[in-house]
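Hi everyone, thanks for making time.

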Amino acid sequence: MKYCLPYLTVAALAGSLHLASAGEITGKITLKGTPKPEVDIPLTPSCGKINPNKVTTRHYVVGKDNGLANVFVYLKDAKAAPPAGEAQMLDQVGCMYEPYILGVVTGQKFKVKNSDPELHNVHATPKINKEFNFGQPLKDQINEKSFDQAEVLVRVKCDVHAWMFAYIGVVDHPYFAVTDKDGNFKIAGVPDGKYTVVAYHLKTHGANPGLSQAVDLKGTAKQDFTVEIPAAP
Amino acid sequence: MTRSSDNRWLHRFAVFTAAATFCLIWVGGLVTSHGAGMAVPDWPTTYGYNMFFFPFSKWVGGIFYEHSHRLVASGVGLLTVILAVWLWMKEERRWLRWLGVIALGAVIFQGVLGGLRVTQMKDVLGVFHAALAQLFFALISAIALFTSRWWLRGEAQKMSIYAASGLRYLFALVTGLILFQLILGAAMRHQHAGLAIPDFPTAYGRWWPAMDVESVARYNQARGEVTATNPITAFQIGMQMTHRIAAFLILISVAWLAGVARRRLGGQSVLAKLSLAWLALILAQAVLGVATIWTNKAADVATLHVAVGALSLVIGVMLALIAAKHARANAPEVSAVLPSTFDLPQAPAKATA
């Protein structure tokens with residue numbers, strides 16, 4: 001044991017030094033302009049029994065101080081790194097996908113769960129990665145999947161219930177986040193350095209293609225974005 | 001084995017098969033209109049079940065449309081097998097027997113194509129599947145026509161061969177244009193992008209829509225899609241505009257042809273009456289096309305648009321075949337040198353002035 005102690009000490013020091021150089025990037029994304037109102041989704045009778053609540057589309061989920069939810073924020077030019085934390089889960093609850101936007105690392109296995117007593121199919125339609133489509137007829141059935149290549153964003157949908165769809169952002173590293181209901185995000189564990197932070201909102205990314213900012217991270221950094229809704233065509 | 005060209009029950013069965021095929025096109029149209037083409041991930045099983053034993057309690061959502069489609073398709077396949085065998089055993093005309101074999105091959109190929117569309121997850125196979133469905137419907141309808149007593153009696157009208165010859169090519173040409181329109185429509189539907197242009201008669205408020213990158217981005221941003229439709233592209237907008245232009249061309253072509261048939265053949269002729277029915281169908285199709293846009297592509301309206309499109313194609317094929325038949329029946333001197341395509345009874349020689 002006494003021979004191991006120096007090595008353990010060195011390892012602990014190295015680890016704390018690494019943590020000391022890993023920072024975080026926080027920020028808020030706000031929406032400028034008035035979006036179209038969300039559309040009510042008429043559920044099928046069987047789904048209506050499972051989910052009696054009013055269900056709408058989720059194109060613009062706007063919270064406190066015009067904070068925009070469901071924006072996938074990631075570092076464009078970070079080095080490839082393994083995932084941090086547990087495997088992500090995409091769940092089917094009340095005939096809706098939760099969460100609406102999910103982030104995974106390339107090659108990282110993520111779980112797809114059916115929490116409903118209703119048959120769903122899980123159909124991913126990526127442009128770069130391999131498409132898949134499988135059924136989940138049983139309640140609490142869990143399948144694991146992964147994507148091999150970076151792609152922002154991959155759509156996953158249920159063809160049995162046409163209103164069910166969600167998106168997965170696939171990047172080569174774990175430095176991403178999805179804004180919460182008030183538009184806030186935090187990307188933790190980022191090594192110091194220069195990066196480009198990209199904010200990708202599904203509905204407006206086409207009209208806001210340059211929504212990215214350079215950041216020189218030294219510990220912590222704050223980067224806010226404003227997503228603007230263009231004038232109607 | 002005694003063969004004949006006059007088989008009443010065979011003809012009735014052919015008509016029944018054509019009607020069943022029309023129902024299949026309808027049910028198949030519902031699948032795409034509801035975005036349910038991939039609701040059953042496996043084939044030929046259904047969620048692991050033998051498709052004929054899939055529990056009814058599981059026919060939920062999009063599965064109802066896709067699974068029903070497979071069952072009806074199996075029924076049409078069986079009917080086609082029976083028709084092909086019946087033709088082979090009982091039909092005197094060799095070319096018609098082989099037409100039954102071609103129909104059988106087509107329906108088998110169509111079934112495999114549909115299955116591959118699901119297992120390979122290829123939208124383009126869906127386009128071929130849709131196009132072949134229309135052609136198969138036309139083929140079965142033609143077989144029904146050829147086995148009819150009306151066709152056998154060869155009730156040719158007295159008309160100049162030149163008029164009939166011209167008409168058969170004109171009918172064929174416009175029917176070809178309708179086929180192009182149907183394939184274009186199938187290609188549009190299988191983009192799975194919803195309505196590429198949400199208004200009519202304008203397109204995004206203009207007579208010709210802006211199709212630059214920025215405008216298309218704004219169109220996508222402004223959409224509030226409820227289902228998982230793909231983003232629209234400039235190419236899809238171009239397809240929709242081509243579809244509208246082709247619809248206009250078809251409408252005026254069919255209206256003109258109906259007038260020509262009436263003038264040349266008289267209002268009581270079969271061709272003139274059928275041309276008028278064709279025009280009514282095309283007018284209805286145009287209204288349905290507009291309604292598809294105005295109802296934001298309501299599934300039932302869009303599916304009816306598909307079904308009427310199929311009928312329009314079949315009527316065009318019938319007109320071209322009947323006009324060709326009249327041309328041959330009125331031209332014994334021509335039939336002497338041309339191949340005997342239809343084995344028609346020869347019309348009496350014309351009295352010379």
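Let me start with a definition: a residue is buried if 20 or more other C-beta atoms lie within 10 Å of its own, exposed if 12 or fewer, and partly exposed in between, with C-beta atoms placed from the backbone. Strands here are DSSP runs of E, at least two residues, and helices are runs of H or I, at least four residues, both numbered from the N terminus.

Some housekeeping. This is a predicted model, so to speak of a local feature we need pLDDT of at least 70, side-chain atom pairs count only at pLDDT 80 or more, and totals for chains, interfaces and linings use all residues. Residues are numbered from 1 along each chain as its sequence is written, while chains are lettered from A and ligands numbered from 1 in the order in which they are written.

How confident is the predictor about chain A? pLDDT is its confidence in each residue, from 0 to 100, and chain A averages 89, with 88% of the residues scoring at least 70.

Now, strand 11 of chain A, residues 165-171. Is it buried or exposed? Seven of its seven residues are buried, so the strand is largely enclosed by the rest of the structure. In a regular strand the side chains alternate between the two faces of the sheet. Here A:F165, A:Y167, A:G169 and A:V171 point one way, A:A166, A:I168 and A:V170 point the other way, and all are buried.

What does strand 11 of chain A pair with? Pairing needs at least two DSSP bridges between two strands. Strand 5 of chain A, residues 101-105, runs parallel to strand 11 of chain A, with five bridges, and A:V105 stands opposite A:V171. Strand 10 of chain A, residues 151-157, is antiparallel to strand 11 of chain A, also over five bridges; there, A:V156 has A:A166 as its bridge partner.

Elsewhere in chain A there's an open sheet of four strands, in the order 4-3-6-9, with mixed pairing. Its edges are strand 4 (96-98) and strand 9 (141-145) of chain A, each pairing on one side only. Strand 3 of chain A, residues 89-93, pairs antiparallel with strand 4 of chain A over three bridges, and A:D91 has A:E98 as its bridge partner.

On to where the chains meet. The contact takes 32 residues from chain A and 25 residues from chain B. Strands 7 (120-124), 8 (132-136) and 10 of chain A each supply at least two residues of chain A's side, and strand 8 of chain A gives the largest share, three residues.

Last, chain B. It is divided into domain 1 (1-153) and domain 2 (158-338), with bounds from an automatic or database domain assignment. Taken over C-alpha atoms, the centres of these two domains of chain B are 23 Å apart. In chain B, 20 residues of domain 1 are in contact with 19 residues of domain 2. On the domain 1 side, helix 1 (8-33) and helix 4 (123-146) of chain B each supply at least two residues, and helix 4 of chain B has the largest share, eleven residues.

That's my tour, thanks!

Notes: Two residues are in contact if their C-beta atoms, placed from the backbone, lie within 7 Å.
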